[in-house]
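Have the structure open and follow along.

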Amino acid sequence: MWLSSFAAAAPESHTVCACVWSCRASPPAVADDALTFAATSDVSLLRRLRVVHDSFVTLQFQDRSHVARLRLLPKTIVNSSGEDPEQSADVTLSPLLAFNLGIPLHSSSASPVTVSLSIRAASPQELGLAVQLSVPYRRKHQEQPAAASYAMIAPLLVSSLSCRQHALMQQRDGLLDAIREYFATAKVMQVGDLFAVELRETTQSHIPKENKRYKDNYMPYKCVQVPAACKVQKEDEAAESEIELMPPTLDLDTSLMFFRVEKLVGEQKDALALTVSDATELMQGSSTSAASPDEATIKQFMTQSRCRGALPVCDSPLSSTTQQTLYEVLYPAQLCEIPVSVLLSGARGVGKKTLVHQVAKQLGVITVEVPFTELTGQSELHLLDNVRDQVSKAQALSPCLLYISHLFPVEKDNEEAELRIGAVLSECIRSLSQNQHNIPLIACVEDVNEVPKFIRQCFLYEMHLEAPDQSKRFEFLKHIAGSMELNDDVDLTEVAQLTAGRTYGELSA
């Protein structure tokens, strides 16, 4: 495997400068990760840690350790306080993560907090994962610390008193429903963590869930006429009634109910963090006295992250679905030594090379690109030696992607050449998986049907890129038109209609 978080060797610690997110910063790019969110725009930090984007790391501040999910963002969420950019922090932490680490968390109007802490790749033991080679092959969407079978939480006394008059607390199952909604998405937690459950009173909070009349007449949006008497009258102008588009649900009051994790039970007793979800047996204890963070800062972080949604790691003109598919394939598997190899096919100019480089950027790794002509050299007899040289180069630069471009087919009915190239590719893939960091291999061809079966069998995955359809051509034209000046009579929609069957390369030309 090529993710050192799950490698056998002990992860190396690095000291970094970290700051706490504040309301003056850009909105975060996560909606359900307030407990473990850590962001960086420094790719070199990921390389020093030997991890990729969205990996679990362990942070240590003084005598406290906490698991975090390190994300690579286009621009670090830093405080816009006029600080010298050279002195900006390497990592930005969510307010709750910082508080659980013991970092002082001041009010939202105070100066940003910057501290020095230690960071390293999280080990399987810290995530409650037993290191067993018999574990099934798992992909990125399954990457989580081990599940907790039992969890005990206790509300903070000061939080219970402040939220006592909230509308949801007056309902029979108001608090229970809020807790269920919170754990509907799995959360990574540690014993002693403080987390915040949102109590949201909306315009629909007082309507019973079993109200049949409301369900029959429910509309996502509706038009409401605002009378002239309710409008602010401007000077020398008579107020007029207007029609406004009204969303179905409006927030009236949002309060935070803070809880502390008292106990977590999982299969591994020495786990630092476990995953708590709606499948976990959850027990609520009596109220406890403990310090609580600044509620305004936590509320603003959670509100902005919910409204902002997820941000792309990089700006790509290609289809996000295609890029995400390859990203899922290349993302390192947990506890697995299966070598990852992809045969990528598509017409010239369809965007194969751009796709590979964008996914590498999304993962936070570099791309080692080798044209197939450099491997064959003057004779196919030199192929094995040249491949070994490139494998050694990739291993020295890992974590990275090894990208073989322009894999051309051999002569038809030349079975000896097919077997030779197939054997060399198989050895190359095996060698890449023997390193501490399993390095994926990607080879590109124009027509996959021209690749002999002995060579195609070497690859674990096959992906084909089609020429873009009209909507994708229009989005691509908008993307490239942003960097050039066009005449007023240029209609990009019409250009997209007239260029059916054209590839991205042809559209760029």
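Strands here are DSSP runs of E with at least two residues, helices are runs of H or I with at least four, and both are numbered from the N terminus. This is a predicted model, in which local features need pLDDT of at least 70, side-chain atom pairs count only at pLDDT 80 or more, and totals for chains, interfaces and linings use all residues. Residues are numbered from 1 along each chain as its sequence is written, and side-chain values use heavy atoms, with hydrogens and water left out.

Now step back to the open sheet: 5 strands with parallel pairing, in the order 16-17-18-15-19. Two strands count as paired if DSSP finds at least two bridges between them. Strand 16 (366-371) and strand 19 (461-465) are the edges, each pairing on one side only.

Elsewhere, 6 strands close into a barrel with mixed pairing, in the order 1-5-2-4-3-6. One of its pairings is antiparallel: 7 bridges join strand 3 (residues 55-61) to strand 4 (residues 64-72). There you can find Leu59 opposite His66 in strand 4.

Finally, look at Thr36, in the loop between strand 1 (14-20) and strand 2 (37-40). Thr36 is buried (under 20% relative accessible area, with exposed over 50% and partly exposed in between; 1.4 Å probe, protein chains only), at a value of 2%. Leaving aside neighbours within four places in sequence, Thr36 is in contact with Val67, Ala68, Arg69, Leu97 and Val188, where contact means heavy atoms within 4.5 Å.
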